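Work through the exercises below with the model open beside you. Try each task before you read its solution.

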2 protein chains.
Amino acid sequence: MDLRSIKYFIALANELHYWNTAAKMNITQSALSRQIQSLESELNVVLFDRNKRNVKLTPAGSFLKQKWEVELNELDFIHNFARQIHLGERGTIKIAHPDSISASIMPDLLATISSEFPKLQIELVQVLYENQQAFLSNYKIDLAITRDTNNTSGIKSTKIYTDNLALVVPEDHPYKTIKDVSTLSLAEQRFILPTIDEGSSYGLIIQNFFKSFDVVPEVYLQSEFGSTIIALVKKHLGIAILPDSYLHHESTGLRFIKLPFETDLYINWRADDHNPVLSNVLNLILKKL
Amino acid sequence: MDLRSIKYFIALANELHYWNTAAKMNITQSALSRQIQSLESELNVVLFDRNKRNVKLTPAGSFLKQKWEVELNELDFIHNFARQIHLGERGTIKIAHPDSISASIMPDLLATISSEFPKLQIELVQVLYENQQAFLSNYKIDLAITRDTNNTSGIKSTKIYTDNLALVVPEDHPYKTIKDVSTLSLAEQRFILPTIDEGSSYGLIIQNFFKSFDVVPEVYLQSEFGSTIIALVKKHLGIAILPDSYLHHESTGLRFIKLPFETDLYINWRADDHNPVLSNVLNLILKKL
DNA sequence: TTTATTAATGATTATTTTGCATTAATGGAT
DNA sequence: ATCCATTAATGCAAAATAATCATTAATAAA
């Protein structure tokens, strides 16, 4: 049963006149007549009471007109919706991102995405470093923003941002600029550092910093979460090394001393993910870069 | 867009294999492939992610599968329902009937109809005599049971029942049988009679009764509704003449004296009404007669 | 590297739909 | 009553659409 013939039927049910309806539908009266006939024979329902002069809906026809109008509308809506999904304008995307950028580049990024695709639902997730890759592979997240490149096959990565490392100290700390930092004084500091995983390139950069001063830091506290680290520094429990982007967080009572070491931000996604939502968002991010 | 191709789509979405699906649907793989392609191009939505080896639903395809399954079910239900209406098994019929038969032949009639067409909805209406014809013509009722034949063009009538008139008196009334009734005593009675309309054949019969006794009755109360009349007779406010079928009503405290005058029952319907529900019901009634 | 599997596609055939011309029924006008 | 205009159905030919068969091309597995 063709939806087109149902549309013809509804038009005829409104006009109750074959010639007029056929004209409106841009077909001949003959074609319309046969369309209705085939509908009737397919349904085994007489739709119109008609003689050579008059056309009138039967009770069954009147019932079907009512119902079909609703159904056609519904289908129309569904098809439009599907088209939006196809175009990547609808749907959901789950993005994991590190805490450090939640106040700096994330707000910009989200604003851009949602102004370009206002119907898109974005879910933000904080995922522990060790789980990120698995979550991506298992479709628990669609996009991961990380400070490490991903070497897994099936996952693609691109660098999207670079920021400096900064030494984070309380406002009353003797370190005012980079020039105050020396091997001697560094060795006396107590450090609060992120949990550094084996082979993490982010961890490597931090190690490089210490190596450049030929110091092995006293690390007495570790946390995965930057906001925790910041709170601890504020309470004079130590000093920290964090990406510069934390400056965007609430940072009164703290001093960020920019260091000549850079840390990169990458986005990671499944190479074989053809979800149009993802490619749209990806394109947008890469275009903005 | 053909519903058949949507069914193919759903089958393929379940199988995710063209050859198997084509076999199940009794078409060739080539035909199925082209059906899906034409669906996709008509919708402007890619339904499956596929290469020469694998078939997988796209997000839009998966959405459509869900939605279309529901819609197809709905349509199926609608079409079946329409078929039943067509066959006159479903739908509604509105029947007007006089009060007098609501306890005698109506229950039988309704039982017959609803056992034959259990899905039929029957609406019973009490319509004032003067409105009956107009209501029928204006499609407010489909079937009118009356005590008068209908002379309007476009309305068909058939007699379905005949019953006797009866004199209705309180149990303690001196009239015990027809033999007690005389011109002299009749003239002393106070009568409660139905509102008698100009040209009503039912009214004519009642007039004939009085004429046969050469009496002009004292009518001091008139009511359209038999049950009201009966209540009044019970309270000794007068005596009445009613169709015998009122005997089936609650009638303790009353005596029905059968009179040698008959009143007929007719059914009336629109001559041009092709509603299958009506013709079914009509056939049933006429067959039972 | 070879083989088996499998979706797509070109060419042909079959089916369905359409348009044109005509027919037959019917309501209204004379 | 009769004729006329209107209008839905229909026979036939043409056009459009869909199906089949045979083949191709990609690819996962042996």
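## Exercise 1: The build of chain A

Chain A has ten helices and ten strands. The model is predicted.

**Task.** Decide why chain A counts as more spread out than a compact globule.

**Solution.** 
- Step 1. Take the radius of gyration of chain A, which is 32 Å.
- Step 2. Look at the box. Along the principal axes, the C-alpha atoms of chain A fill roughly 110 × 40 × 30 Å.
- Step 3. Turn to the domains. The assignment for chain A lists domain 1 (3–86), domain 2 (91–159 + 267–288) and domain 3 (162–262).
- Step 4. The C-alpha centres of domain 1 and domain 2 of chain A are 47 Å apart.

**Task.** What percentage of the 289 residues of chain A count as buried?

**Solution.** 
- Step 1. Use the cut-off: buried means under 20% relative accessible area.
- Step 2. By that test, 48% of the 289 residues of chain A are buried.
- Step 3. Now check the contacts in chain A between residues at least 6 apart in sequence. Of these contacts, 74% join residues at least 24 apart.

## Exercise 2: DNA strand C

**Task.** Which element gives the largest share of the surface near DNA strand C?

**Solution.** 
- Step 1. Start with the residues. DNA strand C is surrounded by 22 of them, and the closest are Arg34(A), Gln35(A), Arg34(B), Arg50(B) and Arg53(B).
- Step 2. List the elements that each supply at least two residues. They are helix 3 (29–43) of chain A, with helix 2 (18–25) and helix 3 (29–43) of chain B.
- Step 3. Pick the largest share. Helix 3 of chain B gives five residues.
- Step 4. Sort the surface near DNA strand C by class: five nonpolar, nine polar and eight charged residues.

**Task.** Which parts of DNA strand C do Arg34(A), Trp19(B) and Tyr18(B) approach?

**Solution.** 
- Step 1. Arg34(A) has a polar side-chain atom 2.8 Å from a base oxygen of DNA strand C.
- Step 2. Trp19(B) places a polar side-chain atom 3.2 Å from a base nitrogen of DNA strand C.
- Step 3. Tyr18(B) uses its backbone. A polar atom there is 3.3 Å from a phosphate oxygen of DNA strand C.
- Step 4. Check the total. Of the atoms of DNA strand C within 4 Å of the protein, 56% are in sugar or phosphate, and the rest are in bases.

## Exercise 3: DNA strand D

**Task.** Which residues are closest to DNA strand D, and which element gives the largest share of the surface near DNA strand D?

**Solution.** 
- Step 1. Around DNA strand D there are 22 residues. The closest are Gln29(A), Arg34(A), Arg50(A), Arg53(A) and Ser30(B).
- Step 2. Find a base contact. A polar side-chain atom of Trp19(A) is 3.3 Å from a base nitrogen of DNA strand D.
- Step 3. Find phosphate contacts. The side chain of Ser33(A) has an N or O atom 3.0 Å from a phosphate oxygen of DNA strand D. The side chain of Gln35(B) also has an N or O atom 3.0 Å from a phosphate oxygen of DNA strand D.
- Step 4. Name the elements that give two or more residues: helix 2 (18–25) and helix 3 of chain A, together with helix 3 of chain B.
- Step 5. Pick the largest share. Helix 3 of chain A gives five residues.

## Exercise 4: Single residues

**Task.** Is Ser245(A) buried or exposed?

**Solution.** 
- Step 1. Locate Ser245(A) in the loop between strand 9 (239–243) and strand 10 (254–270) of chain A.
- Step 2. Its relative accessible area is 3%, so Ser245(A) is buried.
- Step 3. Look at its partners beyond four places in sequence. Ser245(A) contacts Ser100(A), Ile101(A), Ser104(A), Arg147(A) and Asp163(A).
- Step 4. With Arg147(A), the side chains make a polar contact of 3.5 Å.

**Task.** Is Asp214(B) buried or exposed?

**Solution.** 
- Step 1. Asp214(B) sits in the loop between helix 8 (201–212) and strand 8 (218–223) of chain B.
- Step 2. Its relative accessible area is 68%, so Asp214(B) is exposed.
- Step 3. Check the backbone. Phi of Asp214(B) is near 60°, a positive value in a residue other than glycine.

Key
Residues are numbered from 1 along each chain as its sequence is written. Chains are lettered from A and ligands numbered from 1 in the order in which they are written. This is a predicted model: local features need pLDDT of at least 70, side-chain atom pairs count only at pLDDT 80 or more; totals for chains, interfaces and linings use all residues. Side-chain values use heavy atoms; hydrogens and water are left out. Helices (H or I, at least four residues) and strands (E, at least two) are DSSP runs, numbered from the N terminus. Buried means under 20% relative accessible area, exposed over 50%, partly exposed in between (1.4 Å probe, protein chains only). A polar contact is a pair of N or O atoms within 3.5 Å; within protein, one must be able to donate a hydrogen and the other to accept it, and residues adjacent in sequence count only if both atoms are side-chain atoms. Contact means heavy atoms within 4.5 Å. Domain bounds come from an automatic or database domain assignment. A residue is near a molecule or strand if one of its heavy atoms lies within 4 Å of it. Ala, Val, Leu, Ile, Met, Phe, Trp, Tyr, Cys and Pro count as nonpolar, Asp, Glu, Lys and Arg as charged, and the others, Gly among them, as polar. The radius of gyration is taken over C-alpha atoms; the globule rule is 2.2 Å times the number of residues to the power 0.38.
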